[in-house]
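Please look over the sequence and the model shown here before reading the notes. They are arranged by topic, for use alongside a viewer.

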Amino acid sequence: MLRFVDIDQTYPEKRSEGERRQDFKEIYRGFSTGAAAEQASRCSQCGVPFCQSGCPLQNNIPDWLMLAGEDRLREAYDASAATSTMPEICGRICPQDRLCEGSCVVEKSKHGAVTIGAVEQYITDTAWKEGWVEPLHVGPERGQSVGIIGSGPAGLAAAERLRESGFSVTVYERADRAGGLLMYGIPGFKLEKTVVQRRLDRLEQGGVVFRLNFEVGRDASLDAIRAEHHAVLLATGVYQARQLTCPGSGDGVLPALDFLTRSNRDDLGDPAANDTVLDARGKRVVVVGGGDTAMDCVRTAIRQGATSVTCLYRRDRANMPGSAREVKHAEEEGVVFEWLSAPLAVLTQGDGISAVRVQGMRLGAPDRSGRRAPEADPGKTWDIGADMVISALGFTPEDLPVLFESPDLSVHRDGRVEVDRATRMASLDGVFVAGDLHRGASLVVWAIKDGLDAARSIESYLDNRMRVLGAAE
């Protein structure tokens, strides 16, 4: 260990820009055994590991880096899997530059962070290849069942832990495949779908029941689901898109998730759509937004064969919420970024969009969060030719009390479900909440943590319930 002085920071080899623009395969080729061990050996083995505190899951990063550096990969995998239900997924899609690697002491010493995410991915990919990923270890059956509404990362993490504890688990998913945004929201060039599917298969083989094409509120009310189970977890995520409000944005502007879902379905081999509305081929594309969803959209449009792709973001590069690495990848692939710019109007000609009128922005006084608020730069406007405009401004919760026919479900003004901070229980007895539905649109790793925390709360709740019933008898 401690080899950061004589070994430079190295990431896995990226496929060339020209090659990766042609398909939706992951852009990194992956570490070799020697390269992974070298990078792991750069860890300084801090007495107080800031990388661990920078990880929402509190992963034992120094431990599995040390084991990987000593080529003890099976032990490294065991250490990694002890705190995360899907380390190879987090290794691929976590913004490590903002989390563990951004907190790395080696990074602070100007030697370049240990490439934690790539090593994490390598360890678990090797575990799958070598057969070290064991089936779910299901505990003694408890005779109690839990219903989980939503099969995204929060729901899947909770399902795994609850099944391991011996609960019967049924996951209700309104789409035709499980996985939520892991399956339909994140493009294959960041997360190939076989990586998600093998996790789903492992859960199903461990006894987790998936009820697909099942929409709560259409196929059953929330009260009906509650009647079927001893506890229920709401882990639906947030899917209601924030809309552009500028003139001309009402018709023709595409929601980001519609665009990404169609592309992911194409990548999965689903029947092709009957129209070209969601296909960027041969079009001038403008994407509005600065988060990771916007980056997914611009890079997807490039791969679909757009003639040009421009991203509008109202702040500057330093204040962009999306991963800096994703911005770099997008620039390499041909995306043009217009910083300090916002849509003033969407212009049309005939039956379609012809351009976006752009308002130049500048950073003014800090807003309530401390960030400098963008404001219009007077007299600075211009037009960008466009045939397709995609809105990637983030997501808010759907109206669950109405959607689930459950008016007694208490929600915040922004639609997030209210929970008890200590127990994560909602206003309805035995109903718990995890993931974006509780904290707002956030990262996959936070959803996993919320799912694991909720599973512990559900187990405690049902244990207490059994003790009360036992005492009453």
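The notes below cover a sheet, one of its strands, and helices around it and elsewhere. The model is predicted. In it, 5 strands form an open sheet with parallel pairing, in the order β6-β13-β7-β8-β9.

**Sheet layout**

- β6 (254-255) and β9 (336-338) are the edge strands, and each of them pairs on one side only.
- Helix α15 (residues 292-304) packs on this sheet, where it touches β7 (284-288), β8 (308-312), β9 and β13.
- The direction of α15 makes about 170 degrees with that of β8.
- As background, strands of a sheet pair through backbone hydrogen bonds, in either a parallel or an antiparallel manner.

**Strand β13 and its pairings**

- β13 covers residues 388-391 and is joined to β6 by 2 bridges, with the two strands running parallel.
- The bridge partner of Leu254 in β13 is Ile390, and that of Pro255 is Ser391.
- β13 also pairs with β7 in the parallel sense, over 4 bridges.
- Among the residues of β13, Val389 is the bridge partner of Val286.
- Met388 and Ile390 point one way from β13, while Val389 and Ser391 point the other way.
- All four of these β13 residues, Met388, Val389, Ile390 and Ser391, are buried.

**Helix α14**

- Helix α14 has 13 residues (256-268), which at 1.5 Å a residue should span 18 Å; its end C-alpha atoms are 18 Å apart, in agreement with that expectation.
- Its buried residues are Ala256, Leu257, Phe259, Leu260, Arg262, Ser263, Asn264 and Arg265.
- The cover over the buried residues of α14 includes the helices α11 (181-184), α12 (193-205) and α15.
- Strands β6, β13 and β14 (395-396) also belong to that cover.
- Gly269 follows α14 and has a positive phi, near 90 degrees.

**Helix α2**

- In helix α2 (residues 33-40), the buried residues include Ala36, Ala37, Gln39 and Ala40.
- These residues lie on the same side of α2, because they cover an arc of only 165 degrees around the axis.
- An α-helix has 3.6 residues a turn, so residues three or four places apart point the same way.
- The buried residues of α2 pack against α4 (61-69) and α9 (116-130).

Note on methods
Residues numbered from 1 in each chain as written. Predicted model: local features only at pLDDT ≥ 70, side-chain atom pairs only at ≥ 80, totals over all residues. Heavy atoms only, no water. Pairing = 2+ DSSP bridges. Contact = heavy atoms within 4.5 Å. Axes fitted to C-alpha atoms, helices over the stretch in contact; angles between N-to-C directions. Expected span 1.5 Å × (residues − 1). Buried < 20%, exposed > 50% of the residue type's maximum accessible area, 1.4 Å probe, protein only. Arc of directions from axis to C-beta.
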